[in-house]
Structures are given as structure tokens and as C-alpha cells.
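Here is a short briefing for a reader who is new to this structure. Please look it over with the sequence at hand.

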Amino acid sequence: MELLKELCQIHAPSGEEFRVRDFIIDYVNRNSEQWVQKPQMYYGNGYQDCLMLVFGEPRCGVMAHMDSVGFTAGYGNELIPIGSPAAGETAIIRNELNHTAEVYYDNLDKKWVLKDDLQLNPGSTWTWMPDFSIQDQMVQSPFLDNRLSIFILLELAHQLKDTVVALSTYEEMSNAGKAGFLAKTMYEQWQIDKMLIADITWVTDYVKAGRGAVISLRDVGIPRKVFRDKIVDMAKASGVPYQLEIEKAGGSDGTIIGASDYPVDWIFIGAPEINPHGAIEKVHQDDIESMLHIYKYLCNRL
Amino acid sequence: MELLKELCQIHAPSGEEFRVRDFIIDYVNRNSEQWVQKPQMYYGNGYQDCLMLVFGEPRCGVMAHMDSVGFTAGYGNELIPIGSPAAGETAIIRNELNHTAEVYYDNLDKKWVLKDDLQLNPGSTWTWMPDFSIQDQMVQSPFLDNRLSIFILLELAHQLKDTVVALSTYEEMSNAGKAGFLAKTMYEQWQIDKMLIADITWVTDYVKAGRGAVISLRDVGIPRKVFRDKIVDMAKASGVPYQLEIEKAGGSDGTIIGASDYPVDWIFIGAPEINPHGAIEKVHQDDIESMLHIYKYLCNRL
Amino acid sequence: MELLKELCQIHAPSGEEFRVRDFIIDYVNRNSEQWVQKPQMYYGNGYQDCLMLVFGEPRCGVMAHMDSVGFTAGYGNELIPIGSPAAGETAIIRNELNHTAEVYYDNLDKKWVLKDDLQLNPGSTWTWMPDFSIQDQMVQSPFLDNRLSIFILLELAHQLKDTVVALSTYEEMSNAGKAGFLAKTMYEQWQIDKMLIADITWVTDYVKAGRGAVISLRDVGIPRKVFRDKIVDMAKASGVPYQLEIEKAGGSDGTIIGASDYPVDWIFIGAPEINPHGAIEKVHQDDIESMLHIYKYLCNRL
């Protein structure tokens, strides 16, 4: 869990994913010597802030976004959302220099407002203050969406085979995500035509914390029935506990891949959380366990 | 009309177009021996559920979507729309196993609600109950949008030359459609840079049933003036009755092609219908006749 | 300024950019003999109404859209917006034949309405009546967005080196713009991975007329931090006066490039105007001067 905690401390709103990217590159460099397949890393020129870890001769892709929600400081201390930070009561935010500020949610104007007598630098970016803890069964922290998925993929990395792990950018900004660029690259380079979307979803009246990772049958996007049935059958065969989500709202990198110019199937699989995009998100440890085992099972079989 | 009736009986909401695809493949296999040009069929791996019928050495493309609106059953019998099924009063819906259920439209909550004391299987998909009839001049059925366009293209198939008929998926889900993938494929393989969108539009105060197929000068998208003027001139020269549509709302596969990364012109041409996306759609037989003759005229001349 | 005035007289709503394109082609043909690098022009078949001027061996791209907002006449004299013409009081509009009509803004229905007792031809397109003037420090005209950017690029053309000037279409129609097609073409042909968006933005409480061209740190889209920091540093080093914009709304061709399948960085740089998309837009002459010098500085250094 130390690794997850470290990941959750990185300031990386959409547009500044390079800090998570560099953390992962460093982690791979320091740890991959003994892995079953040492991944090739694709990044830098021609990749913007994206990163691909290519294990062996990939037949399957997993995509996880590196960015989080946050705020851009406008003029006059306006807090302009990056993505959709959740409503709340009060919270502490910090910037890349680790300066902090207290904010509260104005329920009338439906927006976060600065509490302190500060002058935020126009154009500076702010994210929730890191605050990682484990309380009973729940892991609590900002940015579990989506650092938890990255954590799980790094935990699995030592035994991954013939898989591309694609770390994407701008996912929190809906249609602006670079998932299409990554899908194009993987399809053209390795004919990857199926993509697991490793991301975090919502606890609801029907999807409960502790009952296993979620396979989403639909949100605003609908995966191709033939593919989603196959994945559900495989999950069933795996013996790992899981839940099915059927949602009318919400999207992911999968939405972009579905709408892309490439014939790539996708499905969303990830743990559900309480208070998504809030200053403290909470995920049940059993769901982390389940998510890890489902990915382990699927990546080596697709 | 027997062929149209059969097409209108297929359960194929967005994500399950493979059933219409397989019907068309079977139809072509059984009937194409005597056609002027026997089409090559592209489908399967690398095409998801899409299908292309390639006649001769294509210079012109026609696109028709295979999916229909419908519902995904959520938890607690929630009916989550697939695309935008029209409001109504009561209706019968069915699933892929031909189980049926009665539903009514809740005008307060603006949504369809289950009437029966049933438990819908979460994740199962539902479409309007088939109910094809001809009453006076009107052909009546669910899914005339867009099975009628497919019917017309199959009726024309025996005399089509040097044309690609591209059967698309996910059109009912707005920007999620795979029209971009098909446009890319056709542009790269055969340099197809003009696309007729064979789809069904609306009867309005100005576009009347029985006055001919509609050429749309705009909806939310605007075709390039040079191209739309050329098509209107050709339609005029054809002697076939037609109407012009000028709409502020509504989109089609053309919207996606317009926004795509490929320099492909598009224009929407199709019959207008009463009660679009409703449990019973109605199209005037003269407009079917007109649509058939316009496509016949244009496909061999573009 | 005579050149800007001429540009502002062209009727070119989205879909009819060919008239601006032809004007530019003609201008380049008549003037480029003595330019430092005579540009190659790409247009016509395979480019729709787009145009690229390629100077030398390009390493940097500048994109400027050619279309303006306007109206399509629907049935019954309905004025259907092309893009988002601003609200106002009364105005004169004209069509491609230079016929004119008086219109007023209906504040209740939030739309422009025909005043005259005329019958507009359904499908005809209308834009604001040309009305160019210079009053004190302000240049006033419809379509400064975006003819002013084109003017500036043509003024710079005689000394441009190793740059592509990409003239785009359909920008006023949000996601329908062909910026993605142009970005794809430039990336594939010349590996252009950075794009300056030459366009016009808004005067606000914080961005003032006369204080210099605007570099936008964000609008609905967010450029990659690494790239935007570099551009701001270069602007600082140039000594040219400029302002920073931080906006929550508004988009540009940059939004499309950000969401595209290509790893291309973008940033919006342009003069701010009063009454954007209105019948008379106003830009301060000092901001035109600033915009010209920033582009001159950046194009030869990126």
C-alpha cells in the first residue's frame, strides 16, 4: 500500500500527467529486472505525456488514465474546474509547489470558493491535498480514481505477459482524452483490438462496496454485446467475485475508444468507490483484491 | 415488402447489430449470383459488427446504419434508453429471447416504465415489439429507421455498380457511431470521398409524407455547399420527386463523417417518417419509391 | 488595412469557406514572388475547402479558420444559426448574391427574426452585412473573428520560414471542424507536432482591449503544461506585450486538435475583441500589432 500512497501524493491534474508518468518510468526502471517479461517503454517525443509499457508480444491492451480532477486558478481567485471535482463542504487544495489553500463549497452558486485571504496565481493548478489512510476495510484518499488502477497494474507487472499497459491523459476532461491516440497507436503497431479500461466507478444502491470489482455492461457508452458477454463469461469462470454495473451516466476512456476510427472493443472493469472525485474517495479492500485478480486472470487469457 | 418486414423483426439495438449484419450476409449469399456486379463482403475480424458490400471498383459510398433505439434493463426494472426512444403512451417491448413486457410512458418523469409484474434481467436489452403492416399508403412498423434504407439498398443491389454500401453501427448513440471507422476504411482503400447517408428523417410542417424522399441541406451538421448543390442539381435532373429539408436539430452518420479526420463529403437522403423512434413509425409508400429511384440515379452517376 | 477590409467582405459561413480560400490563393499568386520562401499551396481534391500554405521545410504549424457565423434560412423565414451569432438589437444580413434583409433580436424567444416583408429562399445562407471602419484605436467590422488572423498571417507571409499555415473550415460549428483532418495531414506529412491557433477571443474584466494579444492558458480545453509554459516563456523573452487568458468556456480548433488521434500540442494566441460573433466586432489596433509581432517571433523559433 506504500506504493499506492506515493501515487496518491502526485499533483497531476489533466495537462500535467508527466509527473505520474515519470514516477512510473522510475518505478519500472528500478523494479523490472526480475519480471517475467521486462516491458519496453514508449514515451517522450511523439507521445506527449502518455506512456505505454509493452510486455512481450502484446495481444491485449489495458488502459488506465494518469490525470485527476482539480482546479485552474482564474483571475480574482476563481476556481475553474478541471474535469468535475465533486461538491462537498470544505477541503484543502494544494498546487505544484505544495502551497495549500482552504476552500468551501458554495451550495447556492454550485462551485468551490477560496476561504483564505490569499491571491492565487492566475493559471496555477490545484488538486486535493493528499490524505491517505486505511480505516477498517476502507482505503481512503483523493485520486484513488485512478491511481488505484495504476497501483494494481504495477502490482501485476512482475507477472504480466504479452500485454500493453497504456497510461492515458486528459481522461477527466471527457471527450478531450488522448485514449484515441493510444488506441490508434496500439492498433497500428500490434493490432490490439480489445482494451480493458482500468478505472474507478461508483458505489450505488445496487453496486456495493466490498462485493467485488465492477464489470460495466454500459454507461453512456455500450460495449459490443459479443465482447461484453465473452468478458463476463471469463470473469465467471475465474471464480473471482465481481459485480455488474448498468448505468445511464458516466463515461471513460472506453467512450472515446468506442467512438474512435479504429475497430477496437473495450470494456470498463474497476473497483467502485464512495465519493468519486471528492477530496476523500473510499474503496473497499476486498474490491481492490478482486480487481487485481480479475486483471491477472484476463490479461493472460485474452 | 416481405424483405422489409423480415428486416423489421430483427432485435438489434446499438451494440447488437450483428443480427442485422448476418441477415444481410445471408441475403447476399442467397441472391447475388445474378447481380450485375456480385459484391465482395468485408466483415468479421477487424470490422466489429460493421459490414461493407463492395460492388466493382467503387467511386461512391452509401452508408446505412443497422442499429435501432431500445432499452437496457437496469437494476430494479429501470429502462435505460439506448439512443432516444420516442415518448408515447403504452407499448410492448421484447428481448433477444422474444420475451415481452408491457411498458407505459410516465409523462411526469419523462421516461418509459415497466407495467407488468416482472423482473427484467439486469443488462438484458429490449426493443419495440415487431408489428409490421401496410395501411392505405402508409407502411407502418418499428425500426423503419433504418431498416427501410437497408431494404432499399438490397432492392437496388442487383443493379448497383462501382459502389460501396457501408452498413454502420451505434448510429443511434450520437457521437458513438462507427461511421468514422468506415469512412476511414473506404477513404484509405478506395479513395471514396463522397458519401450518401441513407437514413430516415422527420415529417414536419414543411416536409410532408408522400411528397418524395428528403435531401437534407442541413441539420446540426452542414454539408459543404459545393457538394450539396451538386447533389440537388442531380436530383433535379433525375426527374424523381424529392423534398428539401432545412433543420436545426438532428444528426446522422453524416455528422460524424463531417467531423472526421478524412476529407469526405456527405449528404443525408432518405424518406421522412411520422413518429420517429416510436413503437410504430410510418412512411408513405411514394416516399419509399422516391428514395429508391434517387439512390438508383445517384449511385451510378457519382 | 485594405486587405483586412477585403477579407471582411467575403460571405463565407461554415460550409462556404471556398470563397475565402480562393481569395487567399489569388493573393498568394499575385504577391509571393518576392517572399523569402514562396509557399507551396495544397488545396482542391482531397482537401475539401481547406488550404495549406507550406513555407520551406515546416517545423511549426499555425492554424486559422476561414468560416464565420451566420444563418441558414429555413422554411417560413426561420433563421437557423450557423455557429453562434451573438444576440443584439437590429442588424442587416446579406446572402451570396448580396441581397440584404433587416433582422432584429427577439429577446423573449432568444433568436434573430426577419423584420422585412420578404421571402427568404429556404436553404440560402446569410451573414452580417460588411461594415468596416476604423474609429480611434478600434478596428470595427463583422468577421474580425477570424479574418483578422488571416490578415495577420498574410502580412507576415513575406518573411515566414519553415512553417505551415493551415486554413481550416467549420470551426464555428464546434466539434464539426476539420482541424483534425489538417492536424493529421501535417503530422503525417511533416511531423508537425505543435500548432499555434490564430483566432480571436473575448475582452473580459481581466483581458482588456489594448493590452496586447492573448495567450490562453485554458478555455474548455487545457494545453499540455510543458508546452504552454514554453510558449509563455518565449513570449516573455520576445518583449512583445501580451496578456494571459484563463477561461472556463469557449473552444477553438485547438479543442479538436487536443482530442484528436495525433500527439500534437496546441495553444491559442490571438487578439481579444468586443462583441464576439456580433454584427460589429471591435479590436484594438495595439492588439493587432501585438498579435502580429508574437506570431512573427514564434513562427521562426518553434
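Predicted model: local features only at pLDDT ≥ 70, side-chain atom pairs only at ≥ 80, totals over all residues.

Chain C superposes on chain A by a rotation of 120 degrees. Chain B superposes on chain A by a rotation of 120 degrees as well.

**How the copies are related**

- In general, two copies of a chain are related by a rotation about an axis and a shift along it.
- For chain C on chain A, the shift along the axis is 0.0 Å and the RMSD is 0.0 Å. The two copies are thus related as by a three-fold rotation axis.
- For chain B on chain A, the shift is 0.0 Å and the RMSD is 0.0 Å.
- Asp261(C) is the residue of chain C that comes closest to the rotation axis, with its C-alpha at 5.2 Å.
- In chain B, the residue closest to the rotation axis is Asp261(B), at 5.2 Å for the C-alpha.

**Which surfaces the copies use**

- Only 8% of the interface residues of chain C are also interface residues in chain A, so these copies meet through different surfaces.
- With chain B superposed on chain A by its own rotation, 6% of the contact residues of chain B recur in chain A.

**The contact between chain B and chain A**

- Chain B gives 33 residues to the contact, and chain A gives 26 residues.
- The area buried between the two chains is about 2200 Å². Carbon and sulfur atoms give 54% of that area.
- On the chain B side, Gln48(B), Tyr75(B) and Ile80(B) lose the most area to chain A. Together they make up 27% of what that side buries.

**Two helices that cross in chain C**

- Helix 3 of chain C spans residues 144-156, and helix 7 of chain C spans residues 285-299.
- Their axes come within 10 Å and cross at roughly 50 degrees. The two helices are therefore oblique to each other.
- Helix 3 of chain C passes helix 7 of chain C in a right-handed crossing.
- From helix 3 of chain C, the residues in contact are Leu148(C), Ser149(C), Ile152(C), Glu155(C) and Leu156(C). They meet Ile288(C), Met291(C), Leu292(C), Tyr295(C) and Lys296(C) of helix 7 of chain C.
- By class, this helix contact has seven nonpolar, one polar and two charged residues.

How values were computed: Residues numbered from 1 in each chain as written. Chains lettered and ligands numbered in written order. Heavy atoms only, no water. Axes fitted to C-alpha atoms, helices over the stretch in contact; angles between N-to-C directions. Helix = DSSP H or I, 4+ residues; strand = E, 2+ residues; numbered from the N terminus. Parallel < 35°, antiparallel > 145°, perpendicular 65-115°, else oblique. Left-handed = near helix turned anticlockwise from the far one by under 90°. Contact = heavy atoms within 4.5 Å. Nonpolar A, V, L, I, M, F, W, Y, C, P; charged D, E, K, R; others polar. Least-squares fit on C-alpha atoms with pLDDT ≥ 70 in both. Buried area = accessible area lost by both parts, 1.4 Å probe.
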